[in-house]
Amino acid sequence: MDIKTASALRRLRLVSAPEAVSFILLLICSVLKRTTEFNAVPVLGAVHGILFVLYVLFWADAWNRTKWPLGTAALYFVLSVLPTGGFFAERKLKREAEASVIAARARKEKEGVVGGAGA
């Protein structure tokens, strides 16, 4: 995995959890707006909107760079519109990143062994 692809996945992972938190807070504030005098919906709506737009932009960039199958890309998009989906996306992306690092290290070691044997 090249550095730009890794960076795209990292950006998506880093915005996933805050986007999920903002969505949950927005839902809570929506209920509070209807049941009390408290109204933080305009502020949290803007914050969530910005985070959601960033998530979608980072998702599109990650999909473009990783060449995910349509099903994987759709899963990450659907997770963005579920209230707690961002937490699941973050965990899944973290596992993928760790697996790619392990695979890269294994390839490097294999190349080192092959390169060292012929020298």
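Trainee: Is Arg 11 buried, exposed or partly exposed?
Mentor: In this predicted model, Arg 11 counts as partly exposed, because its relative accessibility is 33%.

Trainee: And which residue does the Arg 11 side chain meet in a salt bridge?
Mentor: The partner is Asp 61, with an N to O distance of 2.6 Å. Arg 11 belongs to helix α1 (residues 3-35) and Asp 61 to helix α2 (residues 41-66), so this contact ties together parts that are 50 residues apart in sequence.

Trainee: What other residue forms a salt bridge with Asp 61?
Mentor: Arg 65 does, and the closest N and O atoms are 3.0 Å apart. Both Asp 61 and Arg 65 lie in helix α2, where 4 residues, about one turn of the helix, separate them. Arg 65 has 36% relative accessibility and therefore counts as partly exposed.

Trainee: Which residues are linked in a network, then?
Mentor: Salt bridges link Arg 11, Asp 61 and Arg 65 in a network.

Trainee: Changing topic, how many salt bridges does the structure hold?
Mentor: There are 3. One of them joins Glu 90 and Arg 13, whose closest N and O atoms are 3.1 Å apart. Glu 90 lies in helix α4 (residues 85-118) and Arg 13 in helix α1, so the pair ties together parts that are 77 residues apart in sequence.

Trainee: Are Glu 90 and Arg 13 buried or exposed?
Mentor: Both Glu 90 and Arg 13 are buried.

Note on methods:
Residues are numbered from 1 along each chain as its sequence is written. This is a predicted model: local features need pLDDT of at least 70, side-chain atom pairs count only at pLDDT 80 or more; totals for chains, interfaces and linings use all residues. Side-chain values use heavy atoms; hydrogens and water are left out. A salt bridge is a side-chain nitrogen of Lys or Arg within 4 Å of a carboxyl oxygen of Asp or Glu. Helices (H or I, at least four residues) and strands (E, at least two) are DSSP runs, numbered from the N terminus. Buried means under 20% relative accessible area, exposed over 50%, partly exposed in between (1.4 Å probe, protein chains only).
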